Every structure is written in C-alpha cells, then in structure tokens.
Amino acid sequence: MDDKHQEFRHSVKKIYHTIVAVFSLVGIVACFLIYMLTDPGFSAFRESDTSTSYTAIDKDENWDTIENGIHIRTGLKEGEGLMETVNNCTNCHSAKLVTQNRMDANRWATTIDWMQETQNLWDLGQNEEIIINYLVTNYPVLKKGRRAALENIEWYELED
Amino acid sequence: MKRRNFIKKATLTSIGTVIGAEIVFAHMMPEGYVPLAIQDPDPFKMFAKNKEMVVLNDRPWNMEAQAHLLNEKITSSQYMFIRNNGKIPENIDIKNWKVVFDGESIKAPKTYTLEELKSKFQQHTYQLTLECGGNGRSEFDPPAKGNQWTVGAVSCATWTGVRLRDVLEDVGIKDNAVYIGYHAADTHLSGDPTKEPISRGAPMAKVMQDETLLAFKMNGKEIPLAHGYPLRLIAGGWPASVSGKWITGISVRDKVHDGTKMTGTAYRVPCEPVEPGEKVKDEDMCIIESMPVKSLITYPKTGATIDEGKKLNINGHAWAGELAVTKMEYSIDFGSNWVSCEIEPAVNRLAWQHFSASISFPKKGYYEVWARATDAQGDSQPMVLPGWNPKGYLNNACHRIAVKVK
C-alpha cells in the first residue's frame, strides 16, 4: 500500500513538473509574441530607426471620421444610411462610382440587382431600402436638359 | 519611434479587421510598406499623369483629361485618359508572357511568346484615335449609369505592333470566323478569379484592317502599365474598350463574341431611337462599332479674356471613327452663322485631324466658340445632346469654350 502511495505521489510530482515546464514555455513564447506585436522590427534593440514613411497610419487611426458632413475615407455625405452604404457599396468599387451617378429609387434597385446577378454583390436584406433612401436623398437626380450652360468658368487673361 | 511602431502594428491589426482577413506575417512586412489592399497612392505619380488630369474613380482607376490638356498633335502618356474595368495586373513577367489563340474558328490553338510576336511578324506604326464609348456621358439627361466622363476620354497616340491579321494568318483560321474576343491579365474587382473584368472584341472585317494591331509600343516607348503593358490590342476609331489591355489571349469565334461587356447593355445603344429615360430590352440593344464624328477645341482653354480688336486663334482636333472629317466649322453666335476652319488631312487612317482658325469678334461681350465637324458621309455634330441611350454612350455634341472680349 505504502509503495503504491509513494509511486502515486511520484507520478503526481512528475506531472506537476511537466505542467510547470509547459506553462513556463508558453509564457515565454507569449511574452515574445506580445513583444513582436508591439515592436515587430525589434527597434528597441537597435540604436536608431531611420525609417520614415508610414503613410497608412494617419488615415487609419480615424477610419470612420466624419468632418464637415463628409465621411473622410469615402467622401460620402453624412446622412441616415451612411454606414450601411459605406459597408456594402465601397468594398469592390470606389465610392466615387456611387457619387458620380444620379438615379431614382427604381434605377438604383435595378443597378443593385445587376450587381447581384453579375458582380458577386451579396443580398443586402433590409439594408437595401436604407441604402437606396440614402442615395436618392443625398445624391438626387439633377435636371440637365438637352444642353446645359457652361458653368464654373475660370476667367483668365489670354497672353499672345 | 517605438510609439510609431506600436501604432503601425496596431494599425495593421485594425486594417486586418477592415479588409476582413488577418495580415499574416504582418511583422515581416518591410519598414514603411503599406499593404496593397489599403494603398492610397498618388495616382498622378503612380501613372505619371499631369496634375490637371481628373480622377473619376479610384477603384477601378478612371481618369480623364480636360480639353486644353489634349492640345498636342500626338497625345503623350501624361494626358492620356485611363479607363479600367478591373484591377491592373501585378508582377508582369514579360519573359514568360504568352498569348493564346483559340476559339471555335481556329484550325488549331497556338501560343506565341511576346518575343515571337515581335520577331516573327512585320511591325507597323500608326497614330490611332481611341475614344471611350462613354466619353461625354455626364451630359445625358436623365443621367446615365457609369463613370461620368466629360470631354477628356479621348487620345491619339502612335502605336507600334504587329498586325492582328498577319498573326491570325499564321495561326490559321476557318472560313466561318465571325468575331474575335480578347482575354487579358487584369482581375475582377470582386476578387473572383473566374470572372473577367472585360473581354470584348470586334468583327472580322475590323480585325483584318491594316491598322488593327497587337501593339507593344506607345509613342515609341514601352506601353505604360495603366495603358496595357506589355501588349495591347488596338482598334482605332471604335470604342476604346475594343482595344483590350494586357492581352493574354485571342479567341476566334464562330459567332459574335459573348465575353464580359459584350452582352446586355454594355457598349450598346438602342437599335431604334428611344425617348429619354425609356427602358430598353437587352435584345433591342445593338453593339457600338465605329464612333461618331466629333471635335474638341484644345486651344485656348475655356475662360479666355482678350482685348477688343484682337483676334483669337483657336485650334483642336476632329475625328470620325472609321471615316475622315471633311469639313470643320466654328460659330460665335450659337449656330446662327458657321465659319469654315482649316482642317489638315490625317497622318494615317483612323488618326485625328487638326483644325485651326483665327476669329474676330464684332464687339465687346461674352461669347462662346462652338466647333462642329462633318464626316465624309455628311453627318455633322449636333449642337444639343444626340439620342438618349440607357448607358449614355456616343455623346458627340459640339464642344464649346467661353470667351470674353473687353
């Protein structure tokens, strides 16, 4: 009985040591990985870091900033349905393709159908109505007639 | 520095969330590298374009010139419009670039390397007008869907390459050939590798013309990437979408090619005229072939102010698809009187022609100089918008500039 007890205690100790070893290793690796996350270039161990351009940073800190009524990242106007539009309509193409176009609700619906049939656009569910409302409200159709007047002329002196 | 790195890493992680995928090996990225998925580079630098070019769309890239930028007789790359349908191919390996000829009407499929195309066939150079089918779309009412081009989606550069006809003769095609369709290396915006962003083509009569080229040079240099490097099909005088970029294959078809943007409403107009805004069934839409007669005043830039008594010299270009421009006129009184301009013959078929005039104004005031070209069949540009069509193609209404005499 004693022998068996001794043997059992021994095994428990062995397992305990193994667990400690494994956890310590995991801990060390985790510490290393966490360090890698914050300083992938190991810059703390180098004298100086001469790299200069991180163009993405400034933009991405404020991913969905809205300034003066404009969603900076996409250029879309602030309004009800803005984020539904951003999240569903700017994944494949630029928002510029959306804002260049002026359509009524029917034609937007047809355009969405076309994108779903041919361009891998997903089912928009309830967002479809929200998006179409956003578009016809913020980007309404403008009447141009058969020929518009020349506009926004920048006058200048023509030198010979 | 450490804070920056931390922000950089944090940024990459958040980008990972945004692009819907973890950036594996983010820590291995070179210093200062910005992942392609979120790159927002300066398109003017990236494509070596003049700063006055106008970006209509950045995914896919679409950029147009303004009238006064197109004053050169031969359009240089910095002023050439970009119309892309998909993503520009990356990592082009010209050593292993191949063009596959196949299709129902080919005797046996054949593949050429770029080098074989260049060395095996005689090379030709032509100056060729390429105009986007949707140039001028922005003026249609009700508005038409698509990139809202104004006047600047046209160019006339010189293109050097081999005749598609010569290559097809070498490949061997059957008598029942009707159309060719091109295939290219650009990729679909959705990322779906099974989809071609665009695969258009032309009927055999156009294919067999002297000026229809598989081109590898533009203005004597390698074609810029955005314009089709290393190989572009060039079919002058037709919607520029026929002139496929980054060509990797030509299918010779026994029917009208049915690739992407050949069917439905793409590059088609109603076979019979329709009321503005009318719905048109797909089967009632006909493929656009030769582009209509058109002209552009490229000098001076609109908005010129001149002193009373001074003459205004104007110049520009005129083109008419497959046809020559036979008459060029201007008006300073909204079409009450038209005055003939000098018009030069084209350097070769399908190249634009240059016009010029010296204009006197009767008194001080606001004027518009309108230009009107007439083609060899007697068709002239309309002063108002031509027939409305659902996709807003073929707006060849007269171009005009504003002038003040003081």
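Me: What is the average pLDDT of chain A?

Reply: Chain A averages 83, and 81% of its residues score at least 70. The pLDDT is the predictor's confidence in each residue, from 0 to 100.

Me: And where in chain A is confidence lowest?

Reply: It is lowest in helix α2 (residues 55–61) of chain A, with a mean of 51, whereas strand β4 (residues 156–157) of chain A is highest at 98. Residues 47–58 of chain A have a pLDDT below 50, and this stretch makes 16 contacts in the model beyond near neighbours in sequence. A contact requires C-beta atoms, placed from the backbone, within 7 Å. Where pLDDT is low, the predicted coordinates should not be read in detail.

Me: How many helices and strands does chain A have?

Reply: Chain A has six helices and four strands, following the pattern α-α-β-β-β-α-α-α-α-β along the sequence. These are DSSP runs numbered from the N terminus: helices are H or I of at least four residues, and strands are E of at least two.

Me: How do α3(A) and α6(A) cross?

Reply: The axes of α3 (residues 82–89) and α6 (residues 127–138) of chain A come within 9 Å and cross at roughly 110°. Axes are lines fitted to C-alpha atoms, for helices over the stretch in contact, and angles run from 0 to 180 degrees between N-to-C directions. The two helices, α3(A) and α6(A), are therefore roughly perpendicular, a term covering 65 to 115 degrees. Residues making the contact include Thr85(A) and Cys89(A) of α3(A), and Ile131(A) and Tyr134(A) of α6(A).

Me: Turning to sheets, which strands form the six-stranded one?

Reply: The order of this open sheet is β4(A)-β17(B)-β24(B)-β23(B)-β19(B)-β20(B), with mixed pairing. Strands pair if DSSP finds at least two bridges between them.

Me: Why is one side of β4 of chain A left without a neighbour in the sheet?

Reply: β4 of chain A and β20 of chain B stand at the edges, each with a single partner strand, so one side of each has no neighbour in the sheet. Elsewhere in the sheet, β23 (residues 365–375) and β24 (residues 399–405) of chain B pair antiparallel over seven bridges, and Gly365(B) stands opposite Val405(B) in β24(B).

Me: Why does Asn337(B) count as exposed?

Reply: Asn337(B) counts as exposed because it has 10 C-beta neighbours inside 10 Å. The loop that holds Asn337(B) lies between β19 (325–331) and β20 (339–340) of chain B.

Me: Finally, how many residues has the largest nonpolar core?

Reply: It has 93 residues, and those with the most contacts inside it are Leu214(B) and Val369(B). A nonpolar core is a set of buried Ala, Val, Leu, Ile, Met, Phe, Trp, Tyr and Cys residues joined through C-beta atoms within 7 Å. A second, separate core of nine residues includes Cys89(A) and Ile131(A).

Definitions and conventions
Residues numbered from 1 in each chain as written. Chains lettered and ligands numbered in written order. Predicted model: local features only at pLDDT ≥ 70, side-chain atom pairs only at ≥ 80, totals over all residues. Buried ≥ 20, exposed ≤ 12 C-beta atoms within 10 Å, placed from the backbone. Contact = placed C-beta atoms within 7 Å. Parallel < 35°, antiparallel > 145°, perpendicular 65-115°, else oblique.
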